[in-house]
Amino acid sequence: MDGYSINKQILMHSTLKEEQLSWAIRFLFAISVFLIVILSSSYHSINQELIYYSERVDHSHEVLDKISEITIDTYVVTYYGRGYLIVGDSSNRRQLTYQAQKLPRRAEELSALVADNSAQVFKVRALTRALADYQSKVLRFVSTPPLAQAQLQRETLIKNGTASTQQIKAILNDMAQIEHKLMNNRVKSRNNYKQQILRFNWVIMGVALAFLLSSFILLERELKRNKLYKFELENKIENLNRSNSELEQFAYVASHDLQEPLRKIRSFTDLLVAKSKSTLSQDASLMLEKIEKSAVRMQLLIDDLLQFSRLIDTSLEVETVDLNEIIDEVKRSLSESIKETATEIRTSVLPVVSGYPSQLIQLFQNLISNSIKYSKEGVAPTIDIFLTEVAGHEIPHTRPHPSTDETPFYCITLRDNGIGFKKEYAEKIFVIFQRLHSQERFQGSGIGLAICRKVISNHNGYILSEGAEGLGAKFYIYLPKENLFTR
Amino acid sequence: MLNQYILMADDDADDRFLVQAAFEDNKIDQKLLFFEDGEQLLDHLKDDNIKGITRFILLDLNMPKRDGRDVLRTLKADKQLSTIPIIVFSTSKAPDDINSSYKLGANSYVVKPSSYEHLKEVIQKISDFWLNTAMSPR
């Protein structure tokens, strides 16, 4: 396995893990949000209960206050009643009337306060009746001057008054008892909720802290890993740049230093043949011819290699290229062989893309001349070129390219009616110097499609082929619709 | 009549030999003078003791000491020597080399042929043009 595919595997592995991690983070986040919402809403309802019970406790206090107020009022009435009985003056009488008239209103107030409790409502009715009774008695008592009455009568009056007061007092005591019991319950509930709310506070804080902490740890880890990736990437880019410049140097070496000795081999073989033609044996001339042929072929290979290595040149400027014009240009430069072979080229309207015009001309020239070259004997070649549009993930890659999954691509299909090739060679034909036919049958160095692939990869695209023996070849050129060039 | 010369500067002995052979095989009757680098060539041209007319110079680009570009620059800057036709004769097909040579004032640029037959043809053509077709500076 070569270094490239190992790297690829590591990358793929890490992206898989990354994906899992990102899902885990999303999951954690969703759960924490869910929990915090649930806890907060429970907190709110508990708080609501707490407020309710506090209010109820306050209410009970109010009721108790009202009860003691009525008790006091009753005592006050009794006090003035006795004063009037003894002195019989108008001042005491006035006060007595006034105080006694206040009583029903008090009963009404209490009744309004305890309307929510059936036991108290029942009691308050008895109280209202008792108070009304008491009031009417007092009023009757007031209407007769007390000093006119006998001693015995007065004693009875005092006794009666005391009895009425006692009766009212008993009812009020009952009510106070009931209210006390109620209040005790309410205080208990209130204290219970108080404790709960305290617990909830701690729980919410704990959960929030736990998630914050785990998020922090995850983030920290991710950042660390990112840093590592960045470092790795930078390293790889540096290596790539280095090997690129090495390739450029190699191109120079191939162009100059390798061609030099080859030129000498050819020249001196030539010279030898020219000078010593008469003295050479037939075998020797034949061998010299073979040397010459091999040297010529090597020259071709070096030239092609050079052409290929020139595609690494990164100094070219990206231009807006109309592919229709490119095809016209290619047709013009191949016009002779097109005419000779009666080739028909049918083209649909092609898009305008960003790229390097000279390289795109080379691409289509190689493809079309291949179609002409590998045509069936006796059949005029026809080439159809047409356009479709696909998304990145629809491209049948051999390797995954997740970053361009959503990118829209132009797909330019080039289909011919030539000799085609076996399905299993669909990838092999793009490899540099790979050939499917012997030199005798079809001349060439096997660089044309390698150049095509390099050109397309320079344009951030993909080229794939499809073929069947005897049924023609199909080439799919995928070019990104948007400009993906970084400069 | 003054002697007439064709000059060639090339550090490669084989190339010098092949060019000489090509001239001989083409039966071009001109005196050929060979130099191994630019410095030798310039020394010769600036030597006032040598009388004669230089018809043209075949100049290699990559040479030790003073290379072809250096020679071009020096000759084209010289009032008298700038009239001598200079044919750059190099293995390089690189556009950079070709363009820079013309910019420096080369009169033509010929890539060294890769076979002897071809070389003979090229030498014949060059001679035909520069010796018999084109007018030489007076």
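In this predicted model, helix α8 of chain A carries a series of buried residues: A:Q359, A:L360, A:Q362, A:L363, A:F364, A:Q365, A:L367, A:I368, A:N370 and A:S371. Helix α8(A) covers residues 357-373, and at 1.5 Å a residue its 17 residues should span 24 Å. The C-alpha atoms at its ends are 24 Å apart, which agrees with that expectation.

In chain B, five strands form an open sheet with parallel pairing, in the order β2-β1-β3-β4-β5. Strands β2 and β5 of chain B stand at the edges; each has a single partner strand, so one side of each is left without a neighbour in the sheet. On average, neighbouring strands of this sheet are turned by 25 degrees against each other, direction ignored. Within the sheet, β3(B) and β4(B) pair in the parallel sense over three bridges. On the β4(B) side, B:V88 is the bridge partner of B:L59.

| Element | Residues |
|---|---|
| β2 (chain B) | residues 31-35 |
| β3 (chain B) | residues 53-59 |
| β4 (chain B) | residues 86-90 |
| β5 (chain B) | residues 108-111 |
| α5 (chain B) | residues 116-133 |

Helix α5 of chain B lies across β3, β4 and β5 of chain B and runs at about 145 degrees to β3(B).

The two chains also meet: twelve residues of chain B are in contact with twelve residues of chain A. On the side of chain B that touches chain A, α1 (13-25) and α5 of chain B each supply at least two residues. The residues of that side of chain B divide into five nonpolar, four polar and three charged.

How values were computed. Residues are numbered from 1 along each chain as its sequence is written. Chains are lettered from A and ligands numbered from 1 in the order in which they are written. This is a predicted model: local features need pLDDT of at least 70, side-chain atom pairs count only at pLDDT 80 or more; totals for chains, interfaces and linings use all residues. Helices (H or I, at least four residues) and strands (E, at least two) are DSSP runs, numbered from the N terminus. The expected span of a helix is 1.5 Å times one less than its number of residues. A residue is buried if 20 or more other C-beta atoms lie within 10 Å of its own, exposed if 12 or fewer, and partly exposed in between; C-beta atoms are placed from the backbone. Two strands pair if DSSP finds at least two bridges between them. Axes are lines fitted to C-alpha atoms, for helices over the stretch in contact, and angles run from 0 to 180 degrees between N-to-C directions. Two residues are in contact if their C-beta atoms, placed from the backbone, lie within 7 Å. Ala, Val, Leu, Ile, Met, Phe, Trp, Tyr, Cys and Pro count as nonpolar, Asp, Glu, Lys and Arg as charged, and the others, Gly among them, as polar.
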